[in-house]
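Biologist: Please show me the model, and then let us go through some of its side chains one at a time.

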Amino acid sequence: MGCSTNTTSVCPAQGCPPPYEYSPTSPVACFCALPLFVGYRLKSPGFSDFPPYRDTFQENVTTHLKLFLYQLHIDSLAWEEGNRLRMVLKFYPVSDDVNSTHFFNDKGADSPSSGLSKGALAGLVLGTIVGAVTLSAVVTLLIMRMHVRKYIELSRRRHCEFLMFMKLVFR
């Protein structure tokens with residue numbers, strides 16, 4: 001089950017402004033889109049020849065990501081040292097010819113907004129400030145405590161030296 005390949009040789013060379021490019025797997029002729037690049041590495045796969053598994057791999061990836069098969073294009077394959085296969089995957093958006101828009105599948109995209117509300121953001125900022133002030137106060141107290149101990153030891157030593165001097169002078 002291979003994906004249909006759109007021949008981009010009939011498309012104008014300068015038709016897509018950078019960083020856009022023609023989708024080689026789109027069913028729409030000369031479909032210009034900005035792909036999502038994903039570096040992917042298989043560690044110690046159970047095979048040494050990938051091409052027989054290429055179509056199965058593409059089907060599994062697109063099925064689990066809930067994409068159409070033509071939205072994925074394996075741009076490059078390279079075997080690395082230690083029996084690792086590095087791939088560059090390109091994911092293309094879907095073309096909606098009616099509205100002339102491009103979008104990735106919105107299946108499963110009905111989740112609520114993941115952004116923080118203003119109240120939660122204010123709470124995070126205030127909590128961070130309070131935590132920083134508390135931490136700096138604790139560090140300052142520890143440093144002061146160490147210096148006070150040294151001062152007390154020095155003043156005791158000086159007092160003893162003064163008493164010894166007084167005994168020697170007034171004997």
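Biologist: Is Val125 buried, partly exposed or exposed in this predicted model?
Modeller: Val125 is found in helix H2, which covers residues 118–169. Its relative accessibility is 44%. Buried would require under 20% and exposed over 50%, so Val125 counts as partly exposed.

Biologist: Which residues make the nonpolar surface patch, and what is its area?
Modeller: Val125 is one of the residues in the patch.

Biologist: How many salt bridges does the structure hold?
Modeller: Among them are the pairs Lys90 with Glu21, Arg41 with Glu80 and Lys90 with Asp75. The count for the structure is four.

Biologist: Which strands are linked by the salt bridge between Lys90 and Glu21?
Modeller: The side chains meet at 2.7 Å, N to O. The two residues are 69 residues apart, and the pair links distant parts of the chain. Lys90 lies in residues 84–91 and Glu21 in residues 21–22, which are strands S5 and S1.

Biologist: Is Lys90 buried or exposed?
Modeller: The relative accessible area of Lys90 is 9%. The cut-off for a buried residue is under 20%, so Lys90 is buried.

Biologist: Which residues are linked with Lys90 in a network of salt bridges?
Modeller: Lys90 pairs with Glu21, and Lys90 also forms a salt bridge with Asp75, with the closest N and O atoms 3.4 Å apart. Lys90 in strand S5 and Asp75 in strand S4 are 15 residues apart. Asp75 is partly exposed, at 38% relative accessibility. The residues linked with Lys90 in the network are Glu21 and Asp75.

Biologist: How many residues apart are Arg41 and Glu80, and where are they?
Modeller: Their side chains meet in a salt bridge at 3.9 Å, N to O. Arg41 is in strand S3 (residues 36–43) and Glu80 is in strand S4 (residues 72–80). The pair links distant parts of the chain, and its separation is 39 residues.

Biologist: What are the relative accessibilities of Arg41 and Glu80?
Modeller: Both values fall between the cut-offs of 20% and 50%, so Arg41 and Glu80 count as partly exposed. The value for Arg41 is 36%, and that for Glu80 is 28%.

Definitions and conventions:
Residues are numbered from 1 along each chain as its sequence is written. This is a predicted model: local features need pLDDT of at least 70, side-chain atom pairs count only at pLDDT 80 or more; totals for chains, interfaces and linings use all residues. Side-chain values use heavy atoms; hydrogens and water are left out. Patches are made of residues with over 30% relative accessible area and no salt bridge: like charges are joined within 9 Å, nonpolar side chains (Val, Leu, Ile, Met, Phe, Trp, Tyr) within 5 Å. Accessible areas come from the Shrake-Rupley method with a 1.4 Å probe; for residues, only the protein chains shown count as cover. Helices (H or I, at least four residues) and strands (E, at least two) are DSSP runs, numbered from the N terminus. Buried means under 20% relative accessible area, exposed over 50%, partly exposed in between (1.4 Å probe, protein chains only).
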